[in-house]
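Open the model in your viewer and keep the selection tool at hand. We will go stop by stop.

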Amino acid sequence: MSGMQEPKKEPGKRRFITEKIVKQPLTKKQMARRTIVLLLAATLLGGVAGVSFAVSRPLVSKLLGEESAPEESRISIPKDEPTEPSTEGELEVKESSNMSQEESQTAPEIESVEKIVRNAIENYRFTVEDLNALFFSLRQQVQTASKGIVVVHSVQQEVDWFDNPVETTGLYSGVIIASTAQELLVLTPEAAVQQADSIKVTFADGVEVNGRMKQQDTLSGMAIVSVNTSEVGESTLKEVEPLVLGNSYLVREGDLIVAMGSPAGIAHSVDYGFVSYVQKNVHMVDQVNRVFYTRISADAGRGTFLVNSFGELIGWVMKPDENMENNNMTIAMGISDYKGILENLTNGLAAPCFGIEGQEVSETMASQGLPHGIYVLNSVTDRPAYGAGIQNGDIITHIDGREITTMRDFQNTVDNLEYGRLIHVVVQRNGRDQYAELEFQVTVGAR
């Protein structure tokens, strides 16, 4: 046809058919397989990275001069139950009550043997050699215990009238009561760390190292000084023996005790004596304690520690409270009542303080209408309980939901509190006609 013209083709251009290739969707089995492979690859790479880091970290730290500080082990001090020591008479009654019929038939024979032994002891004439043998055994205990006695130097930097630097040093005794792989822990008077610019600790073999104040208790006047074991030579560490903490609830009148530390006001002095009297239920802040009276020489300010005949630490000499009648006798704090506080101090924790002197409501008091709990004899001024509004005469019945009926309950509860924590306290307060329940929010303080 003449009317239609064929389109002109441009030179160099060609027309192609374009196609888009679309992948088929993955099946569930394929998706699961790929997910597993991905997780396995991630786990493998993570493990390789972890092993590489663990291997390279010590090398890099060593090259950079860094040393990894191991985590300090926590000190645990088991508490003692306030049991009464049994007497020989009580022991004989228990033994006789447990005798079988056959054993009871031989009782006359046992009594006759005991009578012979008793007569032999009564008629035996002790010589000076016997006395020396007894003291020799005691001296051996003292020599072993002395390995745990140290001298704490309180160093202060001062200036004289002409502005010249002067270094003054106070000498105090301390006793090693615990140890870990990282440190030795020394119990010493609080005066040894107060206002000290630096602390030095000298061991029994004369080795002197640096120390630091780890924690202190202003109420008891005692403190814990820490010594880094890395600064102490191996020979000294082999000789050092922390004193075993004894059970002061078993101490009785007439027991032989040894005063170690500074009984003569001089470090490493020693004195011997006997327990003259054990006073129970002595009211102190947040505690009811047992204290010992003795005529043994002592210096509470410099540090005097009492050890029993087995070489165990059973207490330390304290400055008498104004309410105590000392009659020129030495008064010592029993260690068993203090072990909860001591555990906190040795771990660097502030010993918790509630701030009352109290006694548990006895059955006689309860028969007169008083609720069971802890009767507040004294809400100590400027202490947490006083600041929260708890008054003398209040009866504490609950602390943080725990029922409190005995001083043992109260002391254990306070020992487990944390410094700075807000606790809920329920008390009964005497009104005109009856006791009314009041609630207080108390912020735990530090001793």
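A residue counts as buried here when its relative accessible area is under 20%. Val232 has a relative accessible area of 6%, so it is buried. Keep in mind that this is a predicted model.

**Stop 1: Val232.** Select Val232 in the loop between β6 (222-228) and α6 (234-239). Now show what surrounds this residue. Beyond four places in sequence, Val232 is in contact with Phe203, Val209, Val227 and Leu237. Asn210 is 22 residues from Val232 along the chain, and their C-alpha atoms are 9.4 Å apart.

**Stop 2: the nonpolar cores.** In soluble globular proteins, nonpolar side chains tend to be buried together. The largest nonpolar core here has 35 residues. Which of them touch the most other members? Select Val175, Ile177, Leu187, Leu313, Trp316, Tyr338 and Leu342 to see them. Then centre on Leu342. Setting aside neighbours within four places in sequence, Leu342 is in contact with Ile77, Ile177, Leu187, Ile224, Leu245 and Ile335. There is also a second, separate core of 20 residues, with Ile374, Val376, Met407 and Leu417 among them.

**Stop 3: Thr304.** Go to strand β10 (residues 304-308) and pick Thr304. Is Thr304 buried or exposed? Its relative accessible area is 1%, so Thr304 is buried. Look at what its side chain reaches. A polar atom of the Thr304 side chain lies 3.3 Å from the backbone oxygen of Ser262. Contacts of Thr304 beyond four places in sequence include Ala259, Met260, Pro263, Trp316 and Val317.

**Stop 4: Asp409.** Move to helix α10 (residues 407-415) and select Asp409. Which side chain of opposite charge is nearest to Asp409? It is Arg402, 4.1 Å away. A salt bridge needs a distance within 4 Å, so Asp409 is buried yet has none. The Asp409 side chain does make a polar contact with the side chain of Thr405, at 3.1 Å. Leaving out residues up to four places away in sequence, Asp409 touches Arg402, Glu403 and Ile404.

**Last stop: confidence.** Colour the chain by pLDDT. The mean is 81, and 76% of the residues reach 70 or more. Confidence is highest in strand β16 (residues 395-399), at 96, and lowest in helix α2 (residues 88-97), at a mean of 43. Over residues 87-97 the pLDDT is below 50, and this stretch has two contacts beyond near neighbours in sequence. Finish at residues 15-22. There pLDDT stays under 50, and the model has zero contacts beyond four places in sequence.

Notes. Residues numbered from 1 in each chain as written. Predicted model: local features only at pLDDT ≥ 70, side-chain atom pairs only at ≥ 80, totals over all residues. Heavy atoms only, no water. Helix = DSSP H or I, 4+ residues; strand = E, 2+ residues; numbered from the N terminus. Buried < 20%, exposed > 50% of the residue type's maximum accessible area, 1.4 Å probe, protein only. Lys, Arg positive; Asp, Glu negative; His and termini not counted. Polar contact = N/O pair within 3.5 Å; in protein donor to acceptor, adjacent residues only side chain to side chain. Contact = heavy atoms within 4.5 Å. pLDDT = per-residue confidence, 0-100. Core = buried A, V, L, I, M, F, W, Y, C linked by side-chain atoms within 4.5 Å.
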